[in-house]
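Work through the exercises below with the structure in view. Each task is followed by a solution in steps.

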Amino acid sequence: MTEFRTPEEELGRFRRRVLVAGIVALVCFGLLAARFYYLQVVRHEYFHTRAEDNRIGLVPIVPTRGAILDRNGVTLARNFAAYTLEITPSQVADLDETIDALSEIVTIDARDRRRFRKLLEESRNFESVPIRTRLDDAEVARFVARRYRFPGVEVQARLFRDYPHGEVASHVIGYIGRINLRDQERIEERGDTANYRGSDHIGKSGLELSYEAELHGVTGVEQVEVNAGGRAVRVISRTPAATGSDLELTLDIELQKVAEAAFGDRRGALVAIDPRTGGVLALASKPTFDPNLFVDGISTADWNELNDSPDHPLLNRAIFSAYPPGSTFKPFMALAALTTGKRSANQAIADPGYFSFAGHRFMDDKVGGHGTVDLHKSIVVSCNTYYYQLANDLGIEGIAGFMAPLGFGARTGIDIPGEAEGVLPSPAWKRGRFKKPEQQRWYGGETISVGIGQGYNAYTPVQLANALATIVNGGKVFRPHVVRHVIDTASGERRAIQPEPIRQLAIKPAHLAAVRDAMVDVNKSGTGARAFAGAPYSAGGKTGTAQVYSLKGSKYVAGRVRERLRDHSWFIAYAPAENPTIALAVLVENGGFGAQSAAPIARQVIDYHLLGARLDAPAREDAGAAEAEDDSHAGHDEATP
Amino acid sequence: MTEQRFSPLRLLVAAIRPIDPLLFGLLAVLLGYAFGLMHSASPERIASLLVNSGVAVAAMWLAARLSPQRLLSLALPLYAGGVLLLVAVDLFGETSKGATRWLDIGVTRIQPSEIMKIAMPLMLAWYFQQREGHIRLREFVVAGALLAVPVALILVQPDLGTSLLVAAAGFYVIYFAGLSWKLIVPVALVGIVGIGAIVGFGDQLCQPGVDWQMLREYQKHRVCTLLDPTQDPLGRGFHIIQSTIAIGSGGVLGKGWTEGTQTHLAFLPERHTDFIFSVLAEEFGLLGALVLLATYLLLLLRGFFIAAHAPSLATRLLAGSITMIFFTYAFVNMGMVSGILPVVGVPLPFISYGGTALVTLCLGVGILMSIQRSRVLAKS
């Protein structure tokens, strides 16, 4: 293919080829120069930003959650630091293998594994997820020595929530838990996402939930230089986190303990309010639960035990469960009578032991009746006939119209989440409640039952306690509150939760006094006399018994079920009578007559509140009432030498 | 040479004489870059780089001292030995990262494919020299076969990068020897059309499951990563993405020596070897990159000048081929780190860390010096 050429021709051809090669090289270098120009000049801004994004990472600084203190500064919820072993799933090749290897160094039981799996589902891949919490020092040391074997696994010091009083007041304080997807959505809706960056926990119930915004604090941020592995190399700037505010409660934890202990094993609720401010002194719901179980993520076994228990320990009966108020409704009915002018204080009726309405006899508790009964006596002896008649005279609209401003059948607005409305019956309510026309009609006979606190009436203990507080403080309706001050931990500034009343009811002081006098006599000579025998103070009260509906037509079965068909026992009380500092409502589920089980609990709580006398034994029931009297005597003697 | 009395000055002059000042000046600039960048990217390797460059400059000096004839007389034994070693590697070589490239000879591990980078052009230049005046199609076929054997042996290791470089080195000799454009142009066109097709149909070709017959899976991966680095942002694409970020963020003047954040925060992979150019472009900017390009260009110009004025066919072919090897290294490396060529393991000549490559390249410079000196001697 190549013919012979002279050396000169050969050299010439070679030099042409060199020229071609040189041109190719020049063109290629030109291409590179153009590429560099494009990257370094045309797109410099873009790549500069990319490099900065590479370089700078924002690390949230999670604030310390505020503490919860009772009215005397006793800690009810606090934080403590503990080591956790955490895995970042995205950095681990084989999770199961890693966990197996870890379990040779630290204890990881089946429960830890299950919880880890659950948290894993809820978390995002780049987040670290705890596999073990609260490692002891030996475990930390063992892991640290072998950490090179575990990329993506770290020991971190984390703050844990601790509730030193355990089950006491857990329905008020609530608990925190790990942020789940639903919480995440709520946080996003509130526009609070930035503030929760890095936060693991959030209030789930009680004050931990309702005061979440105050307790959580403000997340800080650290600008760090990160390397390709995402590890922080150097801190560029730092905005510290602001610790969450502390909550100082109106609640007295010692009083709370007295109240809870007084219930013993019985189910029920108690709400004690300072009638002067609306501050909640004690709020008990029995049975209760240990909020500490929830902090690390509750185990399935614990959860099932709490959730499946027929006693429903997670249910806050004090604010959620509505019961017919029974005879505790009577003082309010009496006030309605006086205020509307349907009765005067000295107007009396003859009680034959029943009230006839539309051919039906509404029976009194006392066979043959209480004889001549005026307003005072009607409360002291809890005369049904008086109130059957009164209800008929007031009419259902009259009753509902008077009771609504007192807060019956409406949420009180207490600062604990999960409050129920209850039912203040009225024709309008009934029309909304039922579908069928014949059910929607209001019958006159139903008004008669409402008059003695039965029928459709259903109120929560907090509604009853707050209504009582209103009639003992001269008609001021407060929004009950458990938190007294929100304390800024940085500045020490104390923001008071306003004790301003929501409204003032126009009720004549003389009318209030008439009702209150009668309530004082309930405890002196009436249905509450036995429970309050020997009290060195005078207290007003009223017993109540709420019928358990299911009784009708139900069979009596042995044991528990039988107990559960008994009536609910109510007692409302306030003290001291002259200048009340406590107003309370007690409900004992299936406790029988009000005087039987609820009144002794009220007595213990008031004793402790006024005298500092605390009884460790649960309040005894009627059978041992005489003994209970002796016990309480002994208590007074010790407390007031 | 006549017998002379011992004189240190004479000795020094004698020692310096074989060294071409222009080539050595350019080499010094490039080694200056190498030390400066190593200080920034991986200061703990400075001492080792010092040793490597000492050995490399010594090799250059040795090659420069030898006459081109002596060098060419080494061609056949070097080539034959290299091929034998490559066969040995394929039979008993050490395997590392899925590739068998090294031969353990007790003292050290050697990579015979590196030897072929110099032995290949030497061998072909020597062969064409033997057939001078009779270079016909037959000679090109033989040359092609001489080239194909080591390239195939290296390709099965597998080492695509080195086999391409050896193939290129051999091809340049054949090209300068006068291979007809009628053969070169159609092959080049097929290549361009092929690359165009890969780019055009990249999306389909890079689907998982599409088998590329000739190439191994990782090679397919490299090509596909080039076409779309974002496809695999944390794997192979990561290198290219981070490298272009480094280059682009450098701007015109750069972030300053040792101030490159991409480099110092470990976003750049292999920052002291194949990706050292990104460090340069990040810290010294467009200016630093253009100065480097200019230095290479001067090196090429000097090489082409030496080739064009070389005294014999073999030295012409050898000088032209070596010069084009420098160009190939520089272009492929910078093209790959700036994202216009696929990622193949080609070092930035004279700057990337790596003893063997530095010694090989400096040997090339030494050979150029030797050829340049022989021209001067031949004239005088």
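A residue counts as buried when its relative accessible area is under 20%, and as exposed when that area is over 50%. The model used here is predicted.

**Exercise 1.** Describe the ring pair of F362(A) and Y388(A), and state where its two members lie.

Solution. Step one: the ring centres are 5.4 Å apart and the planes make an angle of 50°, a tilted pair. Step two: F362(A) belongs to strand 15 (residues 360–363) of chain A, while Y388(A) belongs to helix 16 (residues 384–406) of chain A, so the pair ties together parts 26 residues apart in sequence. Step three: both F362(A) and Y388(A) are buried.

**Exercise 2.** Classify the aromatic pair of F289(A) and F294(A), then decide whether each residue is buried or exposed.

Solution. Step one: with 5.8 Å from centre to centre and 80° between the planes, the pair is edge-to-face. Step two: F289(A) has a relative accessibility of 3%, so F289(A) is buried. Step three: F294(A), at 6%, is buried too.

**Exercise 3.** Compare the end-to-end distance of helix 14 (residues 276–308) of chain B with that of a straight helix, and locate the kink.

Solution. Step one: helix 14 of chain B has 33 residues, and a straight helix would reach 48 Å at 1.5 Å a residue. Step two: the end C-alpha atoms are only 32 Å apart. Step three: a kink of about 125° is centred on F284(B). Step four: 24 of the 33 residues are buried, so helix 14 of chain B is largely enclosed by the rest of the structure.

Key:
Residues numbered from 1 in each chain as written. Chains lettered and ligands numbered in written order. Predicted model: local features only at pLDDT ≥ 70, side-chain atom pairs only at ≥ 80, totals over all residues. Heavy atoms only, no water. Helix = DSSP H or I, 4+ residues; strand = E, 2+ residues; numbered from the N terminus. Expected span 1.5 Å × (residues − 1). Bend = angle between axes of the 7 residues up to and from the residue. Buried < 20%, exposed > 50% of the residue type's maximum accessible area, 1.4 Å probe, protein only. Phe/Tyr/Trp six-rings, centres within 6.5 Å; stacked < 30°, edge-to-face > 60°.
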